[in-house]
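Here is a short briefing for someone meeting this structure for the first time. Look it over, then read on by topic.

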Amino acid sequence: MTASGLSRLLLILLPLIGSFDANAEEQSLYARLGGEPVVSRVVEQTVSRIANDPRHNHSLAKVNLNKLYKKLTVHLCAITGGGCEYTGDDMKTVHAGLDITQGDNYAMIESLRQALDENGIGEREKNELLKILAPFEREVVSK
Amino acid sequence: MKKISVLFNRHQCPPAFSGVHRVQARPSKRIFFSLSISSRFIFVNALSSALCFAPSLTPAANLTVNVTGKNAQPQADAVVYATPATKQAMPLKVKDAVIDQVDKEFMPLVSVIQTGTAVHFPNKDNIRHHVYSFSPTKIFALKLYAGTPSAPVIFDKPGEVVLGCNIHDHMLAYVYVVDTPYFAKTGQDGVARIEGLGDGSYDVRVWHPNQRMAVTSQTVKLKAEETQNIKFDVDIAPRPAVKKE
Amino acid sequence: MVKPSSLSARTGGFGKWAVAFLIVGSTAYAEAGGRLIATGGVSQVEGAAGGGLTPWALIAGYGTRDEIDATAFYTHVDITDFTLQSVGAAVGFWDRFELSLARQRFDLGTTVPGKSINQDILGAKWRIAGDAVFDQDRWLPQIALGAQYKHNLDFDLVPKSLGAKHDSGIDVYLAATKLYLAGLAGRNVLLNGTVRATKANQMGLLGFGGDLNDSYQLRFEGSAAVFINDRLAVGTEYRAKPNNLSAFQEDSYKDIFIAYVPNKHVSFTAAYASLGTMTDKKDQNAVYLSIQGNF
């Protein structure tokens, strides 16, 4: 097949973007991630890596990390269809005044991607989680 | 007229270390209600200011307390309070106190207040804090947001209250609630001064958050225009008191 | 295995130095910018950040809105009867502006033996709206307005004789890029559409304007890529072109490509392209190889 033929084929697939997953939702993202044991482990690995990174850990100074892991796990459970009830504050309030930069936020995302890889999470679940988390950037980044 | 004479006798200007305070003056009703709202406001404030800076019309007694701790060194942050020996009504003089949050610390570390005082938590930090206490004297939790004033917490029972922050684990403060308006806290020099006490016998007690055991009280007999000096020694534990969670 | 001497001969020397410079330069700096891997695109043949053929709305490099970041690239396109090389660099400012510089060298093969056409391209790009990565909950793509000032250094050699009117020109384009996380079977998908106003013949290698037409025309360019994983993308591109010269027909470019981004310091792109007619030679196909370094 020529390059133009193959490219025409690939261009035809464009309209199918997004429609593939419609029938695959038999399990929530939370369940597919592995539920509480995996999510809480991913949360702890993600945040503790940042807590130990002097370039990006300023917002975690003096924060009780164990309590943070618990709250964050519940929040992720709530936003990935795990059925948990998140009773904490909204992301904007939580991060207010912490002077989080875009670089800090990206570092946390990279750390999360790394933790997901280390825990054997599949590409699909990884990308779905990032898609859910991406819009929070506006509320988290204040500097 | 009885109310005004009581006012002159009992009025006491608040000690220097406490924060917000308001003294209520209540002139006779007839004069008061004939004034407009704004002039009542000005009247009350002018009256309270005048009273604050005017000399006491009834001579009062003063008490200076020296508190020592480890190695007989002056002990700061020790609460000193004097309760009259004869039981009497003790109206609330200083109605408000402030415990601020600055750079992820409570300020001040130790506060002493009278039962019924409302404590304000202004939160100077631009991040949120979550103040809580599990002390039976006052159990509460309060979310503090940057730039948003929160309702004060009224401490309605005497006793010891330990405060923490749910987000920043190291934050610690102590509130000691007493049933008398005659209280003070020692400064770095280990000295606490209580002023404006009437004649009579008083039971004087000392409390410090790191004390190993209750400090024996002392009785003093005060006379008008007299300043008495007493000393206390507190057995201070080598490590800071661990707050209960 | 290509012997060094013939690589030199084929690339005119600067290819070798460009690759060496990229490898040394990109690894000399430990800190890459803060943005996510692969979100700066690669360098297109005219120097702007984008796909291989077409500029995207992404800003070159990995710099966040607080950073300035730079990239450099070398591209070698082995065409049926010609060779095209491109080398250049781009600087991304605060994830908002981009400046790029590229030098193209088009070896004329048997059309004009021993001769090549060189062109300098100075590019600028301004991100005016949207964020391709973070706007997952909005339909708005990342949109950028760009321009490429091109100066053909060998206008008298061939372009003039073909009827081209100018030795330099400015292309202006508007690009819209969107990243769909988990967009296709759980994989991330990138789509780009670019509309370019241009008078350039074969991107300017054959001059600007011609006897058939000497005014600006709009042409569409599109890219679609799927990320197999965070570091590997496959995709296709399409670039329509004007036909200003009666001497030779010009066709659209198309390609399918694979891009590999092992880390934030270097990326590799390989493509198979169909370039249509170029000067007197028809059905030109090409193997495209590119290396980009990030500083």
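Which residues are buried in α4(A)? They are L72(A), T73(A), V74(A), L76(A) and C77(A). Buried means that 20 or more other C-beta atoms lie within 10 Å of a residue's own; exposed means 12 or fewer, and partly exposed is in between, with C-beta atoms placed from the backbone. This is a predicted model: local features need pLDDT of at least 70, side-chain atom pairs count only at pLDDT 80 or more, and totals for chains, interfaces and linings use all residues. Residues are numbered from 1 along each chain as its sequence is written, while chains are lettered from A and ligands numbered from 1 in the order in which they are written.

**Helices of chain A**

- Helix α4 of chain A covers residues 65–79. Helices (H or I, at least four residues) and strands (E, at least two) are DSSP runs, numbered from the N terminus.
- The 15 residues of α4(A) should span 21 Å at 1.5 Å a residue, and the end C-alpha atoms are 21 Å apart, so the two agree. The expected span is 1.5 Å times one less than the number of residues.
- The cover over the buried residues of α4(A) includes α2 (29–33) and α3 (35–51) of chain A.
- G81(A) follows α4(A) and has a positive phi, near 75 degrees.
- L9(A) sits in helix α1 (residues 3–12) of chain A. L9(A) is exposed because it has 12 other C-beta atoms within 10 Å.
- L9(A) and Q102(A) are 93 residues apart along the chain, and 38 Å separates their C-alpha atoms.

**Strands of chain C**

- Strand β11 (residues 232–239) of chain C is largely enclosed by the rest of the structure, because six of its eight residues are buried.
- β11(C) pairs with strand β10 (residues 217–229) of chain C in the antiparallel sense, over eight bridges. Strands pair if DSSP finds at least two bridges between them.
- β10(C) and β11(C) form a hairpin, with two residues between them. F227(C) has A233(C) as its bridge partner in β11(C).
- β11(C) also runs antiparallel to strand β12 (residues 253–260) of chain C, joined by eight bridges. There, V234(C) stands opposite I258(C) in β12(C).

**Nonpolar cores**

- The largest nonpolar core has 83 residues, and V39(A) and A49(C) touch the most other members. Helix α6 (residues 102–118) of chain A gives the largest share of this core, seven residues.
- A second, separate core of 44 residues includes Y81(B), F155(B), F183(B) and V234(B).
- A core is a set of buried Ala, Val, Leu, Ile, Met, Phe, Trp, Tyr and Cys residues joined through C-beta atoms within 7 Å.
- Leaving aside neighbours within four places in sequence, A49(C) has contacts that include P55(C), W56(C), L58(C) and I59(C). Contact means that C-beta atoms, placed from the backbone, lie within 7 Å.

**Chain B**

- Chain B has three helices and 17 strands. Of its 245 residues, 27% count as buried.
- Contacts between residues 24 or more positions apart make up 64% of those in chain B with a separation of 6 or more.
- The average pLDDT of chain B is 81, and 73% of the residues score at least 70. This score is the predictor's confidence in each residue, from 0 to 100.
- Residues 1–28 of chain B have pLDDT below 50, and the stretch has 33 contacts in the model beyond near neighbours in sequence. Where pLDDT is low, the predicted coordinates should not be read in detail.

Conventions: Contact = placed C-beta atoms within 7 Å.
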